[in-house]
Amino acid sequence: MNRFYKMLIYFGRGERISRSFLLRKPDITEDLIEEAINEGYIREIHNDNDEIQYIITSEGIRKRDE
């Protein structure tokens, strides 16, 4: 199992996950989120309330499923 799996399993295709949701999960840190963004596994987006959310990328789906 890769180290991003514990975070990427929360994402469905096209599903938006909030930063606060992820940070409440065990072993998911700000550093892990930033690294996943830098690796291209997730993409940061902002909703209408300017809340930070993430969406999984095609690369993230491949990484999760490997």
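This note goes through the predicted model point by point, from the overall fold to single residues.

1. Basis. The model is predicted; local features need pLDDT of at least 70 and side-chain atom pairs pLDDT 80 or more, while totals for chains, interfaces and linings use all residues. Residues are numbered from 1 along each chain as its sequence is written, and side-chain values use heavy atoms, with hydrogens and water left out.

2. Elements. The protein chain holds 4 helices and 3 strands. Read from the N terminus, their order is α-β-α-α-β-β-α. Helices (H or I, at least four residues) and strands (E, at least two) are DSSP runs, numbered from the N terminus.

3. Overall dimensions. The radius of gyration of the protein chain is 11 Å, which agrees with the value near 11 Å for a compact globule of 66 residues. That radius is taken over C-alpha atoms, and the globule rule is 2.2 Å times the number of residues to the power 0.38. Along the principal axes, the C-alpha atoms fill a box of roughly 35 × 25 × 20 Å.

4. Burial and contacts. Of the 66 residues in the protein chain, 38% are buried. Buried means under 20% relative accessible area, exposed over 50%, and partly exposed in between (1.4 Å probe, protein chains only). Taking contacts between residues at least 6 apart in sequence, 46% join residues at least 24 apart; contact means heavy atoms within 4.5 Å.

5. Surface and charge. The protein chain has an accessible surface of about 4,300 Å², and carbon and sulfur atoms account for 41% of this. Accessible areas come from the Shrake-Rupley method with a 1.4 Å probe; for residues, only the protein chains shown count as cover. The 11 positive and 14 negative charges have mean positions 5 Å apart. Lys and Arg count as positive and Asp and Glu as negative, without His and the chain ends; the charges are placed at NZ of Lys, CZ of Arg, CG of Asp or CD of Glu.

6. Helix α3. The arc is that of the directions from the helix axis to the C-beta atoms. Just after α3, Gly40 has a positive phi of about 85°.

7. Helix α4. In α4 (residues 58-65), the buried residues are Gly60, Ile61, Lys63 and Arg64. Their arc around the axis is only 165°, so they sit on the same side of α4. Both α1 and β3 are among what covers them.

8. Leu23. This residue belongs to helix α2 and is partly exposed, at 32% relative accessible area. Neighbours within four places in sequence aside, Leu23 is in contact with Ile28, Thr29, Glu30 and Ile33. Leu23 and Ile33 are 10 residues apart along the chain, and their C-alpha atoms are separated by 8.8 Å.

9. Most residues other than glycine have a negative phi. Asp27 has a positive phi near 70°; Asp27 lies in the loop between α2 (19-23) and α3 (30-39) and is exposed, at 59% relative accessibility. Asp50 has a positive phi near 65°. The loop that holds Asp50 runs between β2 (42-46) and β3 (52-56), and Asp50 is exposed with a relative accessible area of 57%.
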